[in-house]
Amino acid sequence: MLNTSMQPNNQQHQQQQQQHRRPGAMPNSIVGSERCCTFKIAPEERRYRDFEMEQSRILKEIMQKTNTKIEVTTTKDGALNFCIIGKEAMLPQAKNLVLQDFQTSVTLTVSVPKSIHGRLLGPKGARLATIQDETQTKIAIPRKDEDSDIIKIVGLKGNAEMAVRSIEKYAREFAGKAVEKVTIERIYLLFITGPFNENLKRWEEMGAKVSTSGGLLPSNSDRESGHADEVTFSIVGETNAVQQVKDEIIHTYEDKKKKCTFVNIEVKKAQHKYILGPGGQNLRQLFAKTGVSVELPHESESETITLRGERSKIGPALSELYNQAHSETDDTFECETWLHKYLIGAKKTNFLDFKALGVDVKSVDDKIKLHGPPTEIENIKDIFENELQTLTKTIIRKDVRVEPRIHGFIIGRAGATVDLIREESGAYIMVPKNEEASELITLEGTSEAVAIAEEKINAIAKKYEASRKLVIDQQLHGSIIGRGGEKIRSIREKFSQVIFTFPDQGSKHNEITIVGPTDEVELCYRYLDDLHQQLQENNHQVQVPIRKDVIKYLPDAQAAIRRIKVDHRVKIDIFIPDEQSGKKKDTTTTTTNTTT
């Protein structure tokens with residue numbers, strides 16, 4: 001008798017205990033939250049004859065993976081008794097892993113009538129795949145051309161037996177059922193199923209489930225191209241019910257072939273979608289109301305529609321079809337694009353509630369597209385026409401030419417300036433985007449509103465009409481701005497109508513931009529140019545070399561250097577070469593330039 005446990009350090013003690021324990025008996029200690037699972041592998045089912053160290057290693061790996069304790073004993077006849085202790089949720093996984101490694105696979109067979117093999121496979125083999133996944137087995141069903149009804153199952157014994165039971169269950173379920181198929185022309189589909197498939201539901205209540213392949217609504221496209229257009233009914237259920245449904249389908253089909261006639265009419269292709277309706281609902285409703293089937297050319301540009309039914313019902317169906325075809329229409333109203341917002345509004349709610357009227361409105365180029373009931377569309381077009389006549393008498397459109405660099409001043413921060421002009425003038429103002437690179441600002445509104453807006457825009461353009469750039473070394477920009485911006489504020493007060501723009505810190509540009517009225521810009525330019533020359537004269541620069549043997553004393557001389565800066569009002573920068581990189585390293589704090 002052999003025993004293996006999860007505590008290899010106490011193997012001798014465990015073996016002594018096991019000699020007095022029955023094969024498969026419960027271990028001595030089980031914690032309250034743990035459960036125990038015991039099972040047996042018969043001698044003929046064992047994968048390995050001898051329980052060697054390799055199998056002990058496998059058991060230890062399973063214990064580590066599932067956090068369980070596993071004990072195994074062998075009986076005199078060679079059977080293996082396993083006891084697994086652990087959390088209840090982990091016991092099935094541990095047992096399955098043990099069986100996979102210690103139990104050999106078996107092959108079982110089950111006899112199932114050939115007639116139900118296809119149903120056992122299921123659609124595209126889905127049912128058989130489900131059985132194999134649930135039982136972890138491999139199942140082989142004879143091919144159609146094989147004269148055999150034996151199904152083979154390969155897997156662990158318990159799993160294979162489970163698969164056999166599942167197959168037998170399906171076999172019993174299918175044994176008392178019949179399968180029939182009936183193929184008809186698609187043009188008679190609604191006569192068979194009913195407009196809303198009510199016959200399919202009734203047949204299911206009788207005990208026969210009916211499904212269709214290619215069960216689309218009737219179309220006359222395939223007949224136009226010379227192809228057959230058929231639909232097949234598959235009937236599954238109790239033998240008597242299946243036969244009754246099959247007979248009913250055939251009888252209805254033959255009866256309608258004799259009694260039905262057809263009429264072809266021409267309807268504009270654009271109106272076909274209103275006859276069809278969402279998901280074919282309008283066709284089904286028309287059939288329910290009149291008993292006449294309508295066939296549309298779904299896949300061609302043909303405008304021919306076929307009505308099929310008994311002669312006495314064709315007339316009423318034609319009237320109903322005409323109403324459906326003209327229940328909605330598409331139309332356009334032409335006018336210049338810039339006028340669209342006055343007719344339909346930015347959010348399509350200017351003065352008409354289009355949604356309430358059931359009309360969809362879209363602005364496309366120089367057209368307003370309308371979709372909805374014909375009567376409502378005609379009324380809207382009349383309203384548009386009257387409104388357009390009023391607009392052309394009261395609203396004008398004018399372009400004002402302004403340099404693109406001034407557009408930002410007209411817009412203002414976050415659009416504040418242009419919004420104020422719109423509010424004060426009542427005009428609609430469109431400033432081109434930067435990427436458009438256009439000089440034209442468009443004004444729309446009454447003559448008075450446009451005149452006011454134009455005057456205000458020209459005033460801003462006049463204010464910023466001149467622009468000059470002055471090149472000043474960026475090292476001197478700080479001297480012009482002053483500590484805390486004190487000096488630049490003084491210059492701005494002196495030239496209040498001028499705007500200065502300095503390059504960003506760290507940039508390589510030295511240009512200062514001056515924008516404003518021509519006279520002011522010229523005066524400011526001269527003033528800054530004179531200031532620049534003074535700064536250049538008062539900021540003479542001399543480079544003094546320092547010997548290497550003196551550099552080491554510089555840190556002790558910082559106080560003296562600071563006194564020199566203050567006493568003589570100069571700026572001193574000391575650079576020491578970096579020995580590793582060869583670059584100069586600034587060892588002092590830069591002070592503000594001073595002038596005399």
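A charge sits over a ring if NZ of Lys or CZ of Arg is within 6 Å of the ring centre and within 35 degrees of the ring normal. Keep that rule in mind for two pairs here. The charged end of Lys341 sits over the ring of Tyr428, 4.6 Å from its centre. Arg468 does this with Tyr525, its charged end 3.6 Å from the ring centre.

Some ground rules. This is a predicted model, so local features need pLDDT of at least 70 and side-chain atom pairs count only at pLDDT 80 or more, while totals for chains, interfaces and linings use all residues. Residues are numbered from 1 along each chain as its sequence is written, and side-chain values use heavy atoms, with hydrogens and water left out.

Next, the aromatic rings. Rings of Phe, Tyr and Trp (its six-membered ring) pair if their centres lie within 6.5 Å; planes under 30 degrees apart are stacked, over 60 edge-to-face, and the rest tilted. That rule gives 11 aromatic pairs. One of them is Trp338 with Tyr342, an edge-to-face pair at 6.3 Å centre to centre, with 85° between the planes. Are these two buried or exposed? Buried means under 20% relative accessible area, exposed over 50%, and partly exposed in between, with a 1.4 Å probe and protein chains only. Trp338 is buried, at 15%. Tyr342 is buried too, at 18%. Elsewhere, ring pairs link Tyr188, Phe191, Tyr253 and Phe287 into a cluster.

On to strand 13. Helices (H or I, at least four residues) and strands (E, at least two) are DSSP runs, numbered from the N terminus. Strand 13 covers residues 304-310, and Thr306 is in it. Thr304 is in strand 13 as well. Thr306 is buried, with a relative accessible area of 4%. Thr304 is buried, at 17%. What do their side chains touch? A polar contact is a pair of N or O atoms within 3.5 Å; within protein, one must be able to donate a hydrogen and the other to accept it, and residues adjacent in sequence count only if both atoms are side-chain atoms. The side chain of Thr306 makes such a contact with the side chain of Asn264, at 2.7 Å. For Thr304, the side-chain partner is Glu266, at 2.6 Å.

Now two loop residues. Asn67 is not a glycine, yet has a positive phi of about 55°. Asn67 lies in the loop between helix 2 (53-66) and strand 3 (69-74). Asn67 is exposed, with a relative accessible area of 62%. Gln136 also has a positive phi, near 55°. Its loop runs between helix 5 (126-135) and strand 6 (138-140). Gln136 is partly exposed, at 48%.

Last, the second largest pocket. On a 1 Å grid over the protein atoms alone, a pocket is an open set of points where a 1.4 Å probe fits, with protein on both sides within 12 Å along at least five of seven lines; lining residues have an atom within 4 Å of a point. Its space is about 560 Å³. The lining has 19 residues, and Arg119, Arg127, Val179, Ser211 and Val236 lie nearest the centre. Which element gives the largest share? Strand 9 does, with 4 residues. Elements supplying at least two residues each include helix 4 (117-121), helix 6 (157-175) and strand 10 (230-238).

Note on methods: Points joined across faces, edges and corners; volume = space filled by probe spheres on them.
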